[in-house]
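Reader: I have a new structure to look at. Can you take me through how its parts meet?

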2 protein chains.
Amino acid sequence: MTTATVENAVSPETLLASLRWRYATKKFDPERRIPAEQWDALQEALVSAPSSFGLQPWKFFVVEDPALRARLKPASWDQSQIVDADKLVVFAVRKDFGAEDVERFVARTAEVRNVPAESLEPYKQMMLGFAKNLAPAARQAWAARQVYIALGVFLTAAAALGVDACPMEGIDQAKYDEILGLSGKGYSTLFVAAAGSRAADDKYATLAKVRYRREQVLETL
Amino acid sequence: MTTATVENAVSPETLLASLRWRYATKKFDPERRIPAEQWDALQEALVSAPSSFGLQPWKFFVVEDPALRARLKPASWDQSQIVDADKLVVFAVRKDFGAEDVERFVARTAEVRNVPAESLEPYKQMMLGFAKNLAPAARQAWAARQVYIALGVFLTAAAALGVDACPMEGIDQAKYDEILGLSGKGYSTLFVAAAGSRAADDKYATLAKVRYRREQVLETL
């Protein structure tokens with residue numbers, strides 16, 4: 001495991017330049033590919049994304065098949081990013097997150113940390129209690145929110161790496177589930193993110209980013 | 001506005017080192033401060049966080065007052081991060097997000113892009129339609145999800161800058177609203193993130209990060 005030190009931290013200027021550079025890319029260059037190392041790092045960013053208790057109530061489906069992409073496009077208001085971007089990631093939430101998901105996570109914890117599962121019993125009971133105390137709808141809402149953390153990680157990581165991306169909530173989630181066969185897998189679609197390179201003529205690339213002034217959205221108490 | 005080019009992108013190795021280095025810091029060093037430039041960049045990362053339509057249905061409250069911090073601690077399962085971390089950010093969602101929020105955003109868009117408000121009318125109607133088509137509970141759920149994107153951005157940006165952080169969902173949100181007087185401001189607390197520097201003896205810093213294997217959470221179709 002690598003330990004980052006202050007020496008390999010990114011400078012504030014570099015980070016801010018990346019964040020200013022990013023925008024929701026409307027038109028991708030269909031000929032340009034994300035370099036393999038950058039794409040590998042982006043996938044790793046998804047895998048390592050934080051979540052409540054570390055429970056990772058999600059799955060990421062990378063749609064490579066052009067035929068599937070073509071079928072997803074009409075389920076996405078016909079937006080061209082679905083077929084033109086080098087990569088398309090479907091962010092899906094675990095359905096009916098429950099005790100067996102907690103068990104699976106605890107087993108994984110024992111495996112990664114090389115400790116006996118019994119030593120994690122109090123931790124497991126705490127998480128089981130948490131899950132049990134939430135009504136099904138609230139539990140599903142909780143799980144879905146976690147997936148949005150992963151989106152924030154993905155978009156920030158992409159910007160840092162110089163990869164263009166476009167998050168898209170406006171899709172027909174049920175159609176996605178059907179086309180990708182997700183229901184049988186225990187997951188359901190929330191939203192997607194396309195990633196690749198902006199087309200040279202994407203007029204949205206040069207529009208000023210619209211954000212509230214700092215004092216409008218950030219208050220010190 | 002700075003334009004990032006491929007030359008100032010972060011390398012995959014640097015990004016991955018940052019993501020491996022980060023963990024949910026349980027014990028902060030109360031003596032260590034985040035350098036001013038890094039903290040400024042982190043605030044800017046929050047301000048520039050992406051959201052659905054760019055609507056930014058959120059507000060970030062940075063609690064500096066030690067007396068307020070002390071009162072928030074018992075509303076946070078008495079976790080020490082609340083008082084020990086250099087910074088404490090309360091992520092709050094806009095309550096009853098609706099037409100006036102859309103109007104405000106459109107006005108800000110006209111201001112930033114220096115275009116007449118009338119030219120944004122179709123865009124405004126589209127967003128108003130979106131908001132109106134959601135039942136109040138669904139609209140609130142939508143708004144809350146956006147705030148989790150900002151959390152993902154914040155945690156990733158902090159890691160890149162070499163700043164330690166700890167997201168915390170396990171807080172008494174109603175108590176937070178009361179202590180910070182948020183209700184009158186039209187926002188409600190969702191969760192917090194503490195930021196600062198890990199204590200030298202935080203035993204969690206050296207525990208292996210528990211994540212599923214890539215093939216368990218990422219599938220190519």
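Reader: How many bridges join strand 1 of chain A to strand 5 of chain B?

Author: This is a predicted model. In it, strand 1 of chain A and strand 5 (residues 218-220) of chain B run parallel. A:V62 stands opposite B:T220 in strand 5 of chain B. The number of bridges joining the strands is three.

Reader: Which element gives the largest share of the side of chain A that touches chain B?

Author: Start with the contact itself: 76 residues of chain A meet 76 residues of chain B. Several elements of chain A give two or more residues to this side, including helix 1 (12-21), strand 1 (58-62) and helix 5 (99-113). The largest share is 14 residues, and the element giving it is helix 7 of chain A.

Reader: How many charged residues does that side of chain A have?

Author: Sort the residues of the side that touches chain B by class. There are 45 nonpolar and 16 polar residues. The charged residues number 15.

Reader: Is helix 2 of chain A roughly parallel or roughly antiparallel to helix 7 of chain A?

Author: Look at the angle. Helix 2 (residues 36-47) and helix 7 (residues 136-161) of chain A pack at about 155°, with their axes 9 Å apart. Angles over 145 degrees count as roughly antiparallel. So helix 2 of chain A is, relative to helix 7 of chain A, roughly antiparallel.

Reader: How many nonpolar residues are in the contact of helix 2 with helix 7 of chain A?

Author: Helix 2 of chain A brings A:Q38, A:A41, A:L42, A:A45 and A:L46. Among the residues they meet in helix 7 of chain A are A:F154 and A:L161. In this contact one residue is polar and none is charged. The nonpolar residues number ten.

Note on methods: Residues numbered from 1 in each chain as written. Chains lettered and ligands numbered in written order. Predicted model: local features only at pLDDT ≥ 70, side-chain atom pairs only at ≥ 80, totals over all residues. Axes fitted to C-alpha atoms, helices over the stretch in contact; angles between N-to-C directions. Helix = DSSP H or I, 4+ residues; strand = E, 2+ residues; numbered from the N terminus. Parallel < 35°, antiparallel > 145°, perpendicular 65-115°, else oblique. Contact = placed C-beta atoms within 7 Å. Nonpolar A, V, L, I, M, F, W, Y, C, P; charged D, E, K, R; others polar. Pairing = 2+ DSSP bridges.
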